[in-house]
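Below are some short notes on the model, written for a reader who will check them against the coordinates. They begin with strand pairing and then turn to a ligand site.

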Amino acid sequence: MKKVQVVLGLNYGDEGKGKVSTFLAGNSDIALRCTGGNNAGHTVEFNGEKIVFHLIPSGILNNIDAVIGNGVVIDPKVLFEEIEVLSKHNVDLSKLHISTRAHLIFPYHIVEDKLQEMLKGDDKVGTTARGIGPCYMDKANRIGLRVIDMYSDDFERKLRRNIDNKNKVFQLFGLDKLDENKIVSDYLEYRDKMKPYVMDTVSFLHDAMDLEKSIICEGAQATMLDMDLGDYPMVTSSNPTIGGIQTGSGLGAGDITDIYGVCKAYASRVGEGPFITEQNNEIGDTIRELGHEYGATTKRPRRCGWIDLVALKYAVRVNGVTGLALNHLDTIGKLGKAKLCVGYKLNGKIYTEYSDDILGHESELELEYKELDTNFEIAGLRNYNVLPEEAKKYVEVIESHLGIPVKFIGTGPDNDDMIIR
Ligand code: GDP
Ligand code: IMO
Ligand code: MG
């Protein structure tokens, strides 16, 4: 039977979506990305090689069709760098397909991203500075340029119009003007290079489903970074939650058969913004070192803390998660003891479900924790039955709090370091 499986981040990103997606792609026909851009960094260790994906769905490593859907924002420079890396790994890129409707990132978006961060001062978001927000802003403002627009007679005029208008603003802030002719000639070159990959991906996906083909959809970013459902304004400029998967691909709601939420046995965040269970102390430092928590895109050290079951329950609800993928159980086993946040207390009231009541009060919360012994060595194990009791208990406590099954357990960074339940 055909399956359309979606893999979504439940926290602040970097939960291991790439690894889980590549694993599931082993039994799929098409790998799909629908949201975000090269703010994403998905690390996959496959057949002994480590590859970081930013735009192309990592499932392509299984030599299946790979689709960059209409909801993705594409920086062509990054795309071709990634294509070059994958060619060196002998990946068959004739199976890469790029949506005609995907929006393009231009150099002015990157300048705007940095400028906006600077103007926000202490309120800065800590973006990846990849031009993601400004590209989505132009999309909403209806001055964005899509892949299909590159093949229209009007492309050069519209691109020059945009560069000219952006340059006027840059000059107001004392920034250098961008070289209009250089950008135009670079993008005309990208247009020709991209041509073989471009197609109507919505029809491609639906035709494939009619032929009973299975799709694995690799989410990017995560629920708490969602523009509508996350920690606004400390979010990304898209919808990484389930709704964004549909608008970013053209898949119908009823087409989706499984929604897997990914989290780690602890939590991490890069960039600014609230992080309720953060351990800005020796514990956080230890988790960072044990889990190698440094950004795949920006190399920034990730902020680390305990798993937050209250926020996770919210993420499970808003995405309709049907099963959990729990990564880094091996890492938590090296800590000896770990805490799981099971409630927030605010003004005498205990919240075991996430609520808007806490917005703006994150730093005032008293946290209720359950503490568990986590002294186990499970690196690379692939069978649930052989796990030590402490490891099983950790899984089962999470399962009972979230009310959904833990279907996949990560026991190491390699693509096959995974237990299926
Ligand atoms: P993504 O953005 O959600 O795909 O996640 P990232 O690739 O940014 O970060 C996840 C990191 O954890 C990567 O370096 C993975 O190789 C690593 N990883 C994923 N699952 C596991 C696991 O179960 N155990 C260990 N030790 N590492 C893991
Ligand atoms: P993956 O797919 C972690 C964060 C940034 C910043 C905020 C806004 O690898 O999980 P942006 O550049 O999107 O405007 O930045 O969102 N952010 C991520 N954090 N993993 C990601 O992607 C992220 N993508 C964006 O750090 O706080
Ligand atoms: Mg990442």
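1. Two strands count as paired if DSSP finds at least two bridges between them. The model is a predicted one. In it, strand S18 (residues 406-410) pairs with S19 in the antiparallel sense, over three bridges. Within this pair, Ile-409 stands opposite Ile-419 in S19.

2. The S18-S19 pair belongs to an open sheet of ten strands, whose order is S9-S7-S5-S2-S10-S1-S11-S14-S18-S19. The pairing in this sheet is mixed. Its edge strands are S9 (198-199) and S19 (418-420), each of which pairs on one side only.

3. Ligand 2 sits in the largest pocket. The residues that surround ligand 2 number 20, and the closest are Asp-14, Lys-17, His-42, Thr-128 and Thr-236. Sorted by class, this shell has seven nonpolar, ten polar and three charged residues.

4. Which residue places a polar side-chain atom 2.6 Å from an oxygen atom of ligand 2? That residue is Thr-128. Polar backbone atoms take part as well: one of Gly-41 is 3.0 Å from an oxygen atom of ligand 2, and one of Gly-126 is 3.4 Å from an oxygen atom of the ligand.

5. How much of the accessible area of ligand 2 does the protein cover? On its own, ligand 2 has 550 Å² of accessible area, and the protein covers 98% of this.

Conventions
Residues are numbered from 1 along each chain as its sequence is written. Chains are lettered from A and ligands numbered from 1 in the order in which they are written. This is a predicted model: local features need pLDDT of at least 70, side-chain atom pairs count only at pLDDT 80 or more; totals for chains, interfaces and linings use all residues. Side-chain values use heavy atoms; hydrogens and water are left out. A residue is near a molecule or strand if one of its heavy atoms lies within 4 Å of it. A polar contact is a pair of N or O atoms within 3.5 Å; within protein, one must be able to donate a hydrogen and the other to accept it, and residues adjacent in sequence count only if both atoms are side-chain atoms. Accessible areas come from the Shrake-Rupley method with a 1.4 Å probe; for residues, only the protein chains shown count as cover. On a 1 Å grid over the protein atoms alone, a cavity is a set of points where a 1.4 Å probe fits but cannot get out, and a pocket is an open set with protein on both sides within 12 Å along at least five of seven lines; lining residues have an atom within 4 Å of a point. A molecule sits in a cavity or pocket if more than half of its atoms lie within 2 Å of its grid points. Ala, Val, Leu, Ile, Met, Phe, Trp, Tyr, Cys and Pro count as nonpolar, Asp, Glu, Lys and Arg as charged, and the others, Gly among them, as polar. Helices (H or I, at least four residues) and strands (E, at least two) are DSSP runs, numbered from the N terminus.
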